[in-house]
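Reader: Could you take a close look at a single part of this model for me? Pick one spot, start from the side chains, and tell me how it connects to its surroundings.

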Amino acid sequence: EVQNTINNRIKDDTQYLETNSGMRVSITPKYSNSMILVTFDITGQSTSTWGKCKIMRSYDGGSNFSDLKNSSGSAITYGAYGAQMVDDNAGYAPLVSFDFPNTTDEIVYNGFMKAPANHYWPHSSTTNFAYAMEIKQ
């Protein structure tokens, strides 16, 4: 799914906030033991400082999101700094991850960010894309 002219301002360093809901991508796995490759390529701009980014998933159509899971069923963690967007600059945050959802129900994915100053992610004058691909195990 390719999106452009979507804009979202994020300014909250206490919790991860969803990018514009127009960036959501969904998939319904055919096999319950499949691995899902999820990619978000989102261009944005910060006004002064860092922004931490990650991919999250929802099993209820996008009402509630949670962390992705690794092959042993544990939440994927990103460490103290996580994936970051460049300070005070325009740039992109390519997010690529594998998820092991253990379901054949629809899953919705989106990029999330937390930042102490304004981040426009995605930025309105950019083209952004996201996709999810099932890999049979």
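**A lysine over a ring, and the strand behind it**

Author: Let's start with Lys54, which lies over the face of Tyr16 at 4.2 Å from the ring centre. (A charge counts as sitting over a ring when NZ of Lys or CZ of Arg is within 6 Å of the ring centre and within 35 degrees of the ring normal.) Keep in mind that this is a predicted model, so local features need pLDDT of at least 70 and side-chain atom pairs count only at pLDDT 80 or more, while totals for chains, interfaces and linings use all residues. Residues are numbered from 1 along each chain as its sequence is written, and side-chain values use heavy atoms, with hydrogens and water left out.

Lys54 belongs to β5, and both faces of that strand are covered. On one side you have Gly51, Cys53, Ile55 and Arg57, on the other Lys52, Lys54, Met56 and Ser58, and all of these are buried. In other words, eight of the eight residues of β5 are buried. Buried here means under 20% relative accessible area, exposed is over 50%, and partly exposed is in between (1.4 Å probe, protein chains only). Strands are DSSP E runs of at least two residues and helices are H or I runs of at least four, numbered from the N terminus.

Who are the neighbours of β5? Seven bridges join β5 to β9, and the two run antiparallel; strands count as paired if DSSP finds at least two bridges between them. Along that pairing, Lys52 stands opposite Lys114, and Ser58 has Val108 as its bridge partner. β5 also pairs in the antiparallel sense with β6 (residues 66-67), over two bridges. There, Met56 stands opposite Asp67.

β9 is worth a moment too: 12 of its 14 residues are buried, so it is largely enclosed by the rest of the structure.

Now the packing. The largest nonpolar core has 17 residues, and Phe40, Ile55 and Tyr109 are those with the most contacts inside it. (A nonpolar core is a set of buried Ala, Val, Leu, Ile, Met, Phe, Trp, Tyr and Cys residues joined through side-chain atoms within 4.5 Å.) The elements giving two or more residues to it are β3 (25-27), β4 (35-46), β5 (51-58), β9 (107-120) and β10 (127-135). β4 supplies the largest share, four residues. A second, separate core of five residues includes Tyr16, Met56, Phe65 and Val108. Tyr16 is the ring under Lys54, and Val108 is the bridge partner of Ser58.

At 38% relative accessibility, Glu106 counts as partly exposed. Leaving aside residues up to four places away in sequence, Glu106 touches Ser26, Ile27, Thr28, Ser58 and Tyr59; a contact means heavy atoms within 4.5 Å. Glu106 and Pro29 are 77 residues apart in sequence, yet 7.1 Å apart in space, C-alpha to C-alpha. Asn102 is found in that loop as well, between β8 (90-99) and β9. Its phi is near 55 degrees, a positive value in a residue other than glycine, and Asn102 is exposed, with a relative accessible area of 61%.

A few more rings, since you asked about side chains. Lys136 lies over the face of Tyr31, at 4.8 Å from the ring centre. Two aromatic pairs turn up in a search of the whole structure. One of them joins Phe129 and Tyr131, with ring centres 6.3 Å apart and planes at 5 degrees, so the pair is stacked. (Rings of Phe, Tyr and Trp, the last by its six-membered ring, pair if their centres lie within 6.5 Å; planes under 30 degrees apart are stacked, over 60 edge-to-face, the rest tilted.) Phe129 is partly exposed at 31% relative accessible area, and Tyr131 is partly exposed at 35%.

To zoom out: the protein has zero helices and 10 strands, and 43% of its 137 residues are buried. Of the contacts with a separation of 6 or more, 83% link residues 24 or more positions apart.
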